[in-house]
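Please read them beside the model.

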Amino acid sequence: MKKTDRPGPTRRQFLTTTAGATAGMASWLALGKAPAFAQKRELTFLSWNHFVPASDDELRKQAEAFGKANNCTVRVDTMAHLQMPSKVAAEAQSQSGHDMYRTASADPFLYENLLVSMDDVVEKVGKQGGGWYSFAAESCQTKSGWKAIPWFWVSFPGTYNMAHFKKAGFEHPPKTWDELLKQGRCSRSRATRSAFPSAIARTRIRRTGRWRGRRAPRCSRRTARLRASSPTRRLQVIEWYKELYKDAMEPEVLSWDDAGNNRFILSGKGSWIHNPVSPYNAALANKQPIADDINHHNSPGGPAGIHSACPNLSMGIWKFSKNQELAKEFIAYLFQKQNFDAWIVASNAFNHPPLKNLADHPIWARNPKFAMLPKEAEYAHPRGWPAKPNEAVQRIDDNYIMTDMVAKAVNGMPPKRAMDWAQEQIVLAVKGQLKVQ
């Protein structure tokens, strides 16, 4: 035998090798998947069921385009937003699930130790977009850095039926909360179908927005008291809610879900709601005649001026994700101007950009009923204001403490007792003893 010749496998070796290969192939077939080296990377993103469904369609369209360009797949899972806090808490507890998710309000503080630093992508995207609105940045920037990137915010204007206001003789929509109460009383006395509801139920998006104009509770790690101002002011706010409920609201607001406001204004029965533009968009999409009667105005003001806790929605990446860099690339892709502009259009002005250079989209000037929406940024604050966002803020939000306090009072509980109950719950939230619902 020449030195260059190599002996072939023996019969025993051949049978052993073949058997091993066959067993391996059988395993792949049994598992229903190809060997690891043949698989594409899959990035998973958990988000909400958007109030404007076309937004989710556009998001999935962009996810598919990104996947094709980067030889991967991007799976966008959406669910009812009321269920998201418990789902996110479960993923945090098990440290498994999606690679990234749509955070809300002070989530980056609640899960600060479990979220990837976003400093690099925030700097890159922020520089390209002309900088972040401060209220959006504050919701994501913790003591240990950026733990999420602001994605979009939602304006909370007053939404009203112009025909009802004209019939009642009102020259303009309410500029203050006290004026809202007066108009509500007048409208209710003239026509019972012209009520002024806004949910006092356990709803995520609408649960705390109205508190800001009338001075919201303040909470921090070191203090568990309600707003640092006098308890008298807090009682005045609760008494105002009781009057509004009794004189201008419909009883069913106590059991509404997040679509309750939309249904009511679109039914033609409601005169005014504190709500984003989703009902108007729905009326346009469904060619409902009531779209002609619906209009918007800037949020009413309280004794301290106009203040709004508009929803700030962001994106965070879990530390247990195996696709962290891919997730950051996908986020940067979503913020490319042509992509973000397309997403604004898909939402029909519902999605507001947190970047200043993206805020000049012509959609707000094109429709006079949208013209005032960008101005809401001037009144916006992160949840928990005037304190800084922290994990207690998110626990308070996720456990509906402010909403339940008002609901208890309008159902007959003495306002002072309702406020004391809320105080006790906030103490538990600050101590981390309230589980996310």
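1. α3 (84–94), α4 (107–110) and α15 each supply at least two residues of the lining of the second largest pocket. Helices here are DSSP runs (H or I, at least four residues), numbered from the N terminus. The model is predicted: local features need pLDDT of at least 70, side-chain atom pairs count only at pLDDT 80 or more, and totals for chains, interfaces and linings use all residues. Residues are numbered from 1 along each chain as its sequence is written, and side-chain values use heavy atoms, without hydrogens and water.

2. α3 gives the most to this lining, with three residues. Eleven residues line the pocket. Nearest its centre lie Ala89, Leu110, Tyr111, Arg395 and Val436. A pocket is an open set of points on a 1 Å grid over the protein atoms alone, where a 1.4 Å probe fits, with protein on both sides within 12 Å along at least five of seven lines; lining residues have an atom within 4 Å of a point.

3. The lining divides into six nonpolar, one polar and four charged residues. Ala, Val, Leu, Ile, Met, Phe, Trp, Tyr, Cys and Pro count as nonpolar, Asp, Glu, Lys and Arg as charged, and the others, Gly among them, as polar. The pocket holds about 210 Å³ of space, the volume filled by probe spheres set on the points.

4. The axes (lines fitted to C-alpha atoms over the stretch in contact) of α15 (residues 391–398) and α17 (residues 415–430) come within 8 Å and cross at roughly 130°. Contact (heavy atoms within 4.5 Å) is made by Ala392, Arg395 and Ile396 of α15 and Ile426, Ala429 and Val430 of α17. By class, that is five nonpolar, no polar and one charged residues.

Notes: Axes fitted to C-alpha atoms, helices over the stretch in contact; angles between N-to-C directions.
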